[in-house]
Amino acid sequence: MPAQPRQDARPTSPGTALRHRLTELRGADLPPRPLDARALAALAANPGCRRRALLDGAGVDKTALAESLGSPSGFGQSQFAFMRGNAFEARVKADGGAELLRLTHGTLGGGPEPVPGEAAVPDLSAAGPEGRAARTALALREASAAGGWTLLDHPMLVLDVAGTPAFLEPDAVVVHPDGGWTVVEIKSFPMIDGSADAAKVGGAARQSAVYALALERVAARMDPAPPVRHHVLLVCPKDFSNLPTASAVDVRKQLSVTRRQLARLTRVEDIAAELPEGTTFDVRRPAAELTAAVESVPATYAPECLAACELAFHCRARARQEGEVTSLGRAIRGELGGLTSIGDVLAAARGEAGDPDDPAVATLRRAAGLRREALAGVGSPGGGATLQDVLTEEGQPCR
Ligand code: SF4
């Protein structure tokens with residue numbers, strides 16, 4: 001009788017073994033939450049956070065996890081904003097992308113004016129994200145060889161992030177007749193008199209830099225490698241209308257920051273290897289078990305997390321509970337040097353601990369002394385300003 005294959009055979013290749021481990025961590029029957037460029041830009045903004053790197057690498061739904069932990073963040077886009085954004089994008093890309101290509105040519109050039117209806121808009125559909133990424137790479141190759149205007153609507157790009165592939169879907173990529181490739185980002189916030197909210201433009205630039213980086217990986221596999229433009233096209237509604245307008249955004253700085261930060265990300269497999277046996281982030285598990293699992297992975301909370309990560313309320317509560325100075329912000333954390341807890345800082349200020357030659361300790365003591373003097377002066381009959389002096393100006397109560 002021929003030998004039966006083992007039913008419990010485990011995958012042996014490192015990539016398959018890692019995928020298997022990450023699936024176990026997420027919950028075997030839960031689909032992975034794909035990493036998008038917004039998440040990657042946030043990940044790159046906090047590269048030291050092992051917790052986020054692991055949860056994103058394992059495809060854990062952090063919104064659901066935060067709810068299961070009892071700290072929902074309310075993070076994300078409203079349904080109304082989402083629908084408005086989709087409607088605007090459809091308008092920009094209507095008629096084979098005629099308006100979008102006109103804006104691209106008007107803003108970035110790269111060849112003769114596009115003739116409406118003549119640009120190529122290849123079909124990028126394929127099975128699964130890997131299939132779509134392969135189809136996109138082929139379409140980019142063909143478009144570069146053809147030498148005309150080509151619009152790739154929602155192409156699929158792939159980027160290796162800390163050992164796991166992240167599939168990214170920009171709004172569009174345009175191939176110019178001169179062979180250059182441009183990332184297009186379509187946003188629903190308004191551009192008034194040619195400029196838009198700087199914080200929103202900055203977010204769009206960081207996101208676009210991630211797409212440009214992934215495009216460069218595709219270009220690098222071609223010979224000669226087509227140039228990926230480092231100015232992306234940002235398309236927004238003009239003033240308060242629904243008409244599209246565009247502007248070129250230079251993402252060179254964001255590209256080099258993202259490149260550097262992604263290279264520094266700790267590899268997901270190293271983090272997973274340090275977890276206690278049986279750890280799971282399956283969002284259906286009880287809150288106490290999930291809390292223990294989440295706490296087993298070190299995090300580096302900073303106030304910036306509130307705008308970038310679904311677990312921010314949970315991590316902030318823990319950081320405050322532990323008295324971590326990171327909860328006060330990166331700038332203060334940097335100035336405090338080796339003092340990592342609020343207890344250490346207070347003890348140093350009171351002169352109970354800390355090296356007096358340490359500049360941070362010396363500054364804290366001086367600040368504490370000034371505060372003592374100020375408090376002693378206010379209201380004391382003989383010295384300094386009284387509380388009344390502080391509150392009034394030439395005898396008149398402050399308004
Ligand atoms: S909120 Fe927590 S998990 Fe998310 S990036 Fe900040 S520290 Fe890391």
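This is a predicted model: local features need pLDDT of at least 70, side-chain atom pairs count only at pLDDT 80 or more; totals for chains, interfaces and linings use all residues.
**Group meeting: a helix, a sheet and a ligand shell**

Good morning. I begin with helix H14, residues 342-349, in which Val-345, Ala-348 and Ala-349 are buried. These three cover an arc of only 100° around the axis, and therefore lie on the same side of H14. The arc is taken over the directions from the helix axis to the C-beta atoms. In general, an α-helix has 3.6 residues a turn, so residues three or four places apart point the same way.

Residues are numbered from 1 along each chain as its sequence is written.

Some terms are also needed. Helices (H or I, at least four residues) and strands (E, at least two) are DSSP runs, numbered from the N terminus. A residue is buried if 20 or more other C-beta atoms lie within 10 Å of its own, exposed if 12 or fewer, and partly exposed in between, with C-beta atoms placed from the backbone. Contact between two residues requires their C-beta atoms, placed from the backbone, to lie within 7 Å.

What covers the buried residues of H14? The cover includes helix H15, residues 359-377. Val-345 itself has 21 other C-beta atoms within 10 Å and is therefore buried. Leaving aside residues up to four places away in sequence, Val-345 touches Val-325, Leu-336, Leu-339 and Leu-364. Val-345 and Arg-365 are separated by 20 residues in sequence and by 9.8 Å in space, C-alpha to C-alpha. Just after H14, Gly-351 adopts a positive phi of about 80°.

Turning to the whole protein, there are 16 helices and nine strands. Of its 399 residues, 34% count as buried. Among contacts between residues at least 6 apart in sequence, 62% join residues at least 24 apart.

I come now to the sheet. Five strands form an open sheet with mixed pairing, in the order S1-S4-S5-S6-S7. Strand S1 (150-153) and strand S7 (244-250) stand at the edges with a single partner strand each, so one side of each has no neighbour in the sheet. Direction ignored, neighbouring strands of this sheet are turned by 25° against each other on average. Pairing here means that DSSP finds at least two bridges between two strands.

S1 and strand S4 (residues 172-175) run antiparallel and are joined by four bridges. In this pair, Leu-152 stands opposite Val-173 in S4.

Which helices pack on the sheet? Helix H5 (residues 79-92) does, touching strand S5 (181-186), strand S6 (231-237) and S7, and its direction makes about 140° with that of S5. Helix H8 (residues 198-220) also packs on the sheet, touching S4, S5, S6 and S7, with its direction at about 150° to that of S5. For these angles, axes are lines fitted to C-alpha atoms, for helices over the stretch in contact, and the angles run from 0 to 180 degrees between N-to-C directions.

S5 and S6 pair in the parallel sense over three bridges, and Ile-186 stands opposite Val-235 in S6. Six of the seven residues of S6 are buried, so this strand is largely enclosed by the rest of the structure.

Next, the backbone. Most residues other than glycine have a negative phi, and most peptide bonds are trans. His-154, although not a glycine, has a positive phi of about 50°. His-154 is found in the loop between S1 and strand S2 (157-161), and it counts as partly exposed because it has 15 C-beta neighbours inside 10 Å. Asp-239 likewise has a positive phi of about 50° without being a glycine. Asp-239 sits in the loop between S6 and S7, and is exposed, with 12 other C-beta atoms within 10 Å. The peptide bond from Asp-223 to Pro-224 is cis, with omega near 0°, and Pro-224 lies in the loop between H8 and S6.

Finally, the ligand. Which residues surround it? They are Asn-46, Cys-49, Arg-51, Arg-52, Ala-299, Thr-300, Tyr-301, Cys-305, Cys-309, Leu-311, Ala-312 and Cys-315. A residue is near the molecule if its C-beta atom, placed from the backbone, lies within 6 Å of it. Helix H3 (50-57) and helix H12 (312-321) each supply at least two residues of this shell. The shell divides into eight nonpolar, two polar and two charged residues. In this division, Ala, Val, Leu, Ile, Met, Phe, Trp, Tyr, Cys and Pro count as nonpolar, Asp, Glu, Lys and Arg as charged, and the others, Gly among them, as polar.

Thank you.
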